[in-house]
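Please have the sequence and the structure open.

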Amino acid sequence: METVVETLTDRPLTGSPAWKNLEAHFQKVRELHLRGLFAADRERGKRMTAEGAGIYLDYSKNRITDETIPLLLQLAEESGVRQRMEAMFRGDKINSTENRAVLHVALRAPRGTSIVVDGHNVVPDVHDVLDKMAAFSNRIRSGNWKGHTGKRIRNVVNIGIGGSDLGPVMAYEALKHYSDRAMTFRFVSNVDSTDFAEAVIDLDPAETLFIVSSKTFTTLETMTNAHTARDWSLQGLGGDQASVAKHFVAVSTNAAEVSKFGIDTANMFGFWDWVGGRYSMDSAIGLSTMLAIGPENFQSMLHGFHQMDEHFRTAPFDRNLPVLMGLLAVWYSNFFGAETVAVLPYEQYLKRFPAYLQQLTMESNGKHVTLSGARVDYQTGPIYWGEPGTNGQHSFYQLIHQGTRLIPCDFIAFGETLNPLGRHHDILLANVLAQAEALSFGKTREQVLAEGTPDRLAPHRVFEGNRPSNTILVERLTPETLGKLVALYEHSVFTQGAIWGIDSFDQWGVELGKVLAKRIIPELESQEELTLDHDSSTNTLIRRYRKYKENA
C-alpha cells in the first residue's frame with residue numbers, strides 16, 4: 001500500500017484531471033458573490049452543513065457552488081487521500097524522510113485496539129504510560145507525594161519548547177474551568193531568561209515540581225531552562241542534590257541523561273518516535289494537563305480525540321468534517337491565492353488555540369518539495385493566525401472586512417458558556433453570527449446611501465462582502481470537546497498535505513537555524529578576540545553584541 005500511496009502523490013498535481021477541472025470551474029465562479037448564491041438558493045444554509053462527533057460545521061458561506069465540492073472530492077481521490085489516510089491508521093511509515101510511522105491516533109486508541117508498528121502492537125504501551133501518568137497525577141493531586149522538605153506540591157512548572165510547550169499551554173488554558181485551582185501551573189519555553197524568571201518569581205521551591213519535556217533530553221532551549229530550574233530549586237532547598245528527585249520528573253526517552261540530571265528514572269514518562277512534537281499533547285507531554293484536570297478528564301479528552309479520528313476514518317468524504325475543511329483550505333490557497341486563514345474562537349478559554357494551530361499547520365505543511373523531492377509549483381501551507389472573540393473585532397477585523405486581502409475565517413462558537421453571567425453569552429454569540437454574516441454579504445453603496453450617508457463618505461462605508469468563512473458550533477467546551485477540535489484540525493492538515501503530496505510530519509526547516517546557533521554561541525561567549533567567518537552582517541552583529549557585554 002505504501003508503494004501505491006507514493007505513486008499517487010508523485011503525480012504532477014497541477015497536471016491532474018481534477019486540478020484542470022478545478023481551474024476551469026474557478027474561472028466560472030470566481031466573480032460570483034455570496035449574496036447571489038444565497039438569493040438563488042434559499043436552502044443553501046441548511047444544505048451546506050455537515051456534522052460529526054458532536055461538531056456542527058456550516059460551510060455555506062464559502063465561495064463555492066454545488067459543483068465545487070464534488071470537484072474537490074475528485075482532487076482528493078486522485079491525490080490518494082483515502083489511501084494515505086488508511087496507511088497512517090495502519091501504522092505504515094508515511095513520514096518517509098525520517099522512515100517513521102505517524103501514529104498520534106494510537107495515543108487515544110481504546111484499550112484492546114491493535115495498531116502494529118514493526119510487528120509490535122503499540123496500543124498496550126500507550127496505556128501503560130497513561131496508567132503510570134494517572135498514578136503519578138493522583139499522588140500529586142492528593143498530596144501523597146511530598147517534596148524534599150515534606151511539603152505537598154502546589155506548583156507545577158512545565159519546561160519544554162515547540163510541541164512540548166504549545167500543546168500543554170493551550171490545553172491548560174482551554175480546560176482551566178476543570179483544573180484544580182489549589183494548584184498553580186506555569187510554562188517555560190523561551191530560552192530568554194525572563195521567561196524562567198517570571199515563571200518562578202512568586203513560587204516556593206519546597207512546593208514546586210518541574211516537568212522537563214524533551215524526547216532526547218538534549219534540546220538546547222529546554223535543557224538550558226532545566227539546568228537553571230535545577231539551580232534555582234537547589235538554592236531554595238539548601239543545596240541537597242537528593243532533592244532533585246523529589247522536585248523534577250521527565251518526559252523523555254533518554255534514561256541515561258535523565259538519571260545524570262538527578263531525576264529518578266521511575267519518574268520518567270516515555271513516548272515514541274512515531275509521535276511528532278506538534279501531535280503530542282495527548283501523550284506523556286500532556287502530563288501537566290493531567291495534573292491540572294485529573295486523569296478522568298484527561299481520559300475524556302482522549303475519548304474526544306478518538307471520536308474525531310473515527311469520524312475522519314469512516315465518514316464519507318462529502319460529509320467528513322476534516323476533509324471538507326482541508327479541501328476548502330486548498331481551494332482558497334491554490335485557486336483564490338489566499339495566503340492566510342484566521343481562526344477566531346468565541347470562547348476566552350481558547351485564547352491560545354490559534355497559537356497552537358500555528359505550529360500544527362505551518363510546521364506540518366510549510367514544505368516546498370513533494371515526497372519524491374521535486375519542487376512544488378503551487379502554494380502549500382497557508383499562514384494560520386487569530387485571536388479570541390470580540391477582542392479581534394476591535395483590532396484586525398477591519399482588514400478582513402475592508403482590506404485588499406482575501407482571508408478565509410474559521411469561527412468557533414459554543415451553545416453554552418461555562419460561566420453564565422446575565423446577557424454575556426447571548427451578546428457573544430450574536431457577535432460571532434453577525435461577523436460571519438457581515439463578511440459574507442457586506443453592505444452595498446445603495447444601502448449605505450439609503451441610510452443617509454453623504455455621497456463623499458459612501459465609499460468608506462461600503463463593505464464588499466464575499467469574504468468566506470466556516471462556522472463551527474459545539475454545544476459546550478469540555479475536555480472531550482477540546483480533543484475533538486484538535487483532532488479536527490490535525491486531520492484537516494493531513495488532508496491538505498496529502499493533496500499537495502508533501503510530508504506533513506517532518507520539520508527539517510527548524511534544523512538549520514539551530515545548527516548555526518550552536519556555532520555562534522561560543523563566538524558570543526569567548527573572552528578572546530576571534531576570527532569570524534560568517535557573512536559581513538552576522539560578523540558585525542556578533543562584534544556589536546560582544547561590545548555590549550564588555551560594557552555591561
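Which helices each supply at least two residues of the lining of the largest pocket? They are α8 (163-174), α10 (220-236), α16 (353-365) and α23 (511-525). Helices here are DSSP runs of H or I, at least four residues, numbered from the N terminus.

This is a predicted model, where local features need pLDDT of at least 70, side-chain atom pairs count only at pLDDT 80 or more, and totals for chains, interfaces and linings use all residues. Residues are numbered from 1 along each chain as its sequence is written, and side-chain values use heavy atoms, with hydrogens and water left out.

Back to the pocket. A pocket is an open set of points on a 1 Å grid over the protein atoms alone, where a 1.4 Å probe fits, with protein on both sides within 12 Å along at least five of seven lines; lining residues have an atom within 4 Å of a point. The largest pocket has a volume of about 1000 Å³, volume being the space filled by probe spheres set on the points, which are joined across faces, edges and corners. Of its 40 lining residues, Thr219, Gln507, Val510, Glu511 and Lys514 are the closest to the centre. The largest share of the lining, four residues, comes from α23.

Now the helix pair. Helix α2 (residues 17-29) packs with helix α5 (residues 68-78) at an angle of about 160°, the axes being 8 Å apart. Axes are lines fitted to C-alpha atoms, for helices over the stretch in contact, and angles run from 0 to 180 degrees between N-to-C directions. That makes α2 roughly antiparallel to α5, a term for angles over 145 degrees. In the contact (heavy atoms within 4.5 Å), α2 uses Pro17, Ala18, Trp19, Asn21, Leu22 and His25, and α5 uses Thr68, Leu71, Leu72, Gln74, Leu75 and Glu78.

How values were computed. Angles under 35 degrees count as roughly parallel, over 145 as roughly antiparallel, 65 to 115 as roughly perpendicular and the rest as oblique.
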